[in-house]
Amino acid sequence: MTVTRNLPIASLIYFLATLLLSLYFAFAAVQGPSGILRRVQLEAETVELIAERDRLTAEVDRMRNLTRRLSDQYLDLELLDQRARDVLGLVRADELIVR
């Protein structure tokens, strides 16, 4: 004589609800607004923004150096000569222009 045990319907519903909730939370942990994929994306964005910040900081430092070199307190005559040539198109009388 074989005895078969059927799960009560309440146990089956409880098991399915638990499984569905677990799947929902696992999906939200991976794909949600504060999930793993979003975190990886934000970290990559952070690295790019830090690199851009460093590039801009170097550019600002370079511009500050040029500004200081052309200031009244410290005048770099070579830089002034170079800027006059570049911006105004000036040349010396003893120079030959080849185009």
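**Helical organisation and salt bridges of the protein chain**

With a relative accessibility of 58%, Arg-39 counts as exposed (buried means under 20% relative accessible area, exposed over 50% and partly exposed in between, for a 1.4 Å probe and protein chains only). The structure is a predicted model, in which local features need pLDDT of at least 70 and side-chain atom pairs count only at pLDDT 80 or more, whereas totals for chains, interfaces and linings use all residues. Residues are numbered from 1 along each chain as its sequence is written, and side-chain values use heavy atoms, with hydrogens and water left out.

The protein chain contains 3 helices and 0 strands, and its elements follow the order α-α-α from the N terminus. Helices (H or I, at least four residues) and strands (E, at least two) are DSSP runs, numbered from the N terminus. The radius of gyration of the protein chain is 35 Å, whereas a compact globule of 99 residues would have a value near 13 Å; the radius is taken over C-alpha atoms, and the globule rule is 2.2 Å times the number of residues to the power 0.38. The C-alpha trace spans about 120 × 35 × 20 Å along its principal axes. Separation along the chain is illustrated by Phe-27 and Asp-81, which are 54 residues apart in sequence and whose C-alpha atoms are separated by 65 Å.

Of the 99 residues, 6% count as buried. The protein chain exposes about 9,500 Å², of which carbon and sulfur atoms supply 63% (accessible areas come from the Shrake-Rupley method with a 1.4 Å probe, and for residues only the protein chains shown count as cover). A nonpolar surface patch is formed by Ile-9, Leu-12, Ile-13, Phe-15, Leu-16, Leu-19, Leu-20 and Leu-23, which together have about 820 Å² of accessible area. Patches are made of residues with over 30% relative accessible area and no salt bridge, like charges being joined within 9 Å and nonpolar side chains (Val, Leu, Ile, Met, Phe, Trp, Tyr) within 5 Å. Ile-9 is placed in helix α1, residues 9-31, and counts as exposed because its relative accessibility is 62%. Phe-27 also lies in helix α1 and is exposed, at a relative accessible area of 53%.

The protein chain carries 13 positive and 14 negative charges, whose mean positions are 8 Å apart. Here Lys and Arg count as positive and Asp and Glu as negative, while His and the chain ends are not counted; each charge is placed at NZ of Lys, CZ of Arg, CG of Asp or CD of Glu.

The structure holds 9 salt bridges, each defined as a side-chain nitrogen of Lys or Arg within 4 Å of a carboxyl oxygen of Asp or Glu. In one of them, Glu-43 pairs with Arg-39 at 3.2 Å between the closest N and O atoms. Asp-61 is partly exposed at 42% relative accessibility, whereas Arg-64 is exposed at 57%.

Asp-76 forms a salt bridge with Arg-69, the closest N and O atoms lying 2.6 Å apart. Asp-76 counts as buried because its relative accessibility is 17%, and Arg-69, at 22%, counts as partly exposed. Finally, Asp-81, Arg-85, Arg-92 and Glu-95 are joined in a network of salt bridges.
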